[in-house]
Amino acid sequence: MNLVTDAWLPVKRESGRTDVVAPWQLTEIDDPITAFNAPRPDFDAALWQFIIGLLQTCAPPADHDAWLKWLEDPPSPAELQTKLADKYLHAFEVQSKHGSFMQDFEPLAGDNRGIAQLLIDAPGDNTLKENKDHFVKRDSVSKLCHSCAVLALFTLQTNAPSGGAGHRVSLRGGGPLTTLVIFDDTEPPSKCRLWSDVWLNVFDSQACPENISGKSAAHDIFPWLAKTRISKRDELTTPMDAHVLQAYWGMPRRIRIKWDEASSERCDLCLTNTNKLVTSYETKAHGINYKGGWQHPLSPYYVKKEEQLPLHLQQGGTSYKDWLGLVADMQGQSLTAQVVSLYKDKRKLTKEQFRLYTFGYDMDNMKARCWYETKFPLFTIDNANFSTDVQNLTAAAEECVHTLLGCIKEAWFPRAKKKPSGDTSFLKKEFYQQTQGSFYALARRYADGKDEDNGAVWHQTLCKVALAMFDRQAIGENFVYGDPKAIVKARNKLAGKLNSIKKKLRA
């Protein structure tokens, strides 16, 4: 199977029909393709990143005008097929003696594992040993079709968490946050909806990050085309050791799938009946160890001790409190993804409204706790004070929700000297969900430099939502079982704190 020429991408078309296509078919006009349709959300995310990386590597536009032309008038499938197959077709063979996609160049005398272990949320050896696989059961996946196996492989290499001694993490660390620029739900410039969204995230050659190493061989981009840079003695692979485009094709794990296994059964993920199923792979430690300032174009970074580190998701996912750092650089604190910076600096397509599509795993070392996806608005900002104004909004919201949770606990446990620490993340999530509409409306006005209410509207919103949540949680239908005096005392405390929060807003 060749990942450029053969049909293997699961997609959904405008009519609602599902299909399996080759990458060059993304620009088909008859019943156009509107979305990826993999059996898992992390596979859909992998497809986004694979297609963006493929276009960036094999079909980058020469300049902004060329990029804009293909945005508004996509190439025909035949033209796109010719472009994609022009130079690096051999790098996308899944089984070749000259290098197999995302797999070790040489045979491995390593550990043999069931194919399910390619899945990031599969229970690990220790989990199975201690019989703790309560939610993701062992043996629920034992055989995969070639398409699902490729997606599992690419997903693991792109998000690889720590996997024990010598098993390296991805180029962006375990479970990185990815941010893409996409169109709003309104009609995009062309009829090919998915193509338009994907193409928004491709750099033209003049705007592409500089290849500082000067290396340009195919194996400098696609590491599986040469012997692996083994890191047994902690050898590092820095941006000076590879082409800048290897950021899209990082390969930290040494893996070889046993493609020659075949049986006429059904894939355990996509449920397709096929005579090409795989059940196991070999793996070995000490793959490529990426360090030294790699910058992935689709990920935001934060600054720690003057070092730029990729942003990872935390428990609870992202909300508007995290939004500012994803859409605007914070001096000395964080950097937006390079593709977002490109949009802000050079691609202000004023007739369209854009969104920021974010996704990734929340990882606890080797354990996948949750997969998160969020879509945020993305504005053109014409106000020099925008970052300060929005920071004031989020600071007020954070203090408000902290105070709210404290007062609810005082109403719930009035006699406890030390309030129980229990998980109240569901209340935080509810608070941010109920206030996000007002937040983005105000942020839009701030971006346009139009709002001069000194935060009064935001303060009213916070007070209304916080008091309503308190009444529902502290009183609700169980008032008769509570302590009325303690509830009233806690509510009065909340009201007083809410009034003082106004000082956090713009003077």
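In the predicted model, Tyr-320, Lys-321, Trp-323 and Leu-324 of helix 8 are in contact with Phe-386, Ser-387, Val-390, Gln-391, Thr-394 and Ala-397 of helix 10 (contact means heavy atoms within 4.5 Å). These contact residues comprise 6 nonpolar, 3 polar and 1 charged. Local features need pLDDT of at least 70 and side-chain atom pairs pLDDT 80 or more, whereas totals for chains, interfaces and linings use all residues. Residues are numbered from 1 along each chain as its sequence is written, and side-chain values use heavy atoms, without hydrogens and water.

Two packed helices are described by the angle and the distance between their axes. The axes of helix 8 (residues 320–327) and helix 10 (residues 386–412) come within 9 Å and cross at roughly 160° (angles run from 0 to 180 degrees between N-to-C directions). Helix 8 and helix 10 are therefore roughly antiparallel, a term for angles over 145 degrees.

Helix 1 (residues 41–58) packs against helix 3 (residues 77–84) at about 70°, with the axes 9 Å apart. This pair is therefore roughly perpendicular (65 to 115 degrees). Leu-54, Leu-55 and Cys-58 of helix 1 and Leu-80, Lys-83 and Leu-84 of helix 3 make the contact. The contact residues divide into 5 nonpolar, no polar and 1 charged.

Thr-283 lies in strand 11 (residues 280–284). With a relative accessible area of 4%, Thr-283 is buried (under 20%, with a 1.4 Å probe and protein chains only). The Thr-283 side chain reaches the backbone oxygen of Arg-254 at 2.9 Å. Beyond neighbours within four places in sequence, residues in contact with Thr-283 include Leu-108, Asp-111, His-167 and Ile-255.

Conventions:
Helices (H or I, at least four residues) and strands (E, at least two) are DSSP runs, numbered from the N terminus. Angles under 35 degrees count as roughly parallel, over 145 as roughly antiparallel, 65 to 115 as roughly perpendicular and the rest as oblique. Ala, Val, Leu, Ile, Met, Phe, Trp, Tyr, Cys and Pro count as nonpolar, Asp, Glu, Lys and Arg as charged, and the others, Gly among them, as polar. Buried means under 20% relative accessible area, exposed over 50%, partly exposed in between (1.4 Å probe, protein chains only). A polar contact is a pair of N or O atoms within 3.5 Å; within protein, one must be able to donate a hydrogen and the other to accept it, and residues adjacent in sequence count only if both atoms are side-chain atoms.
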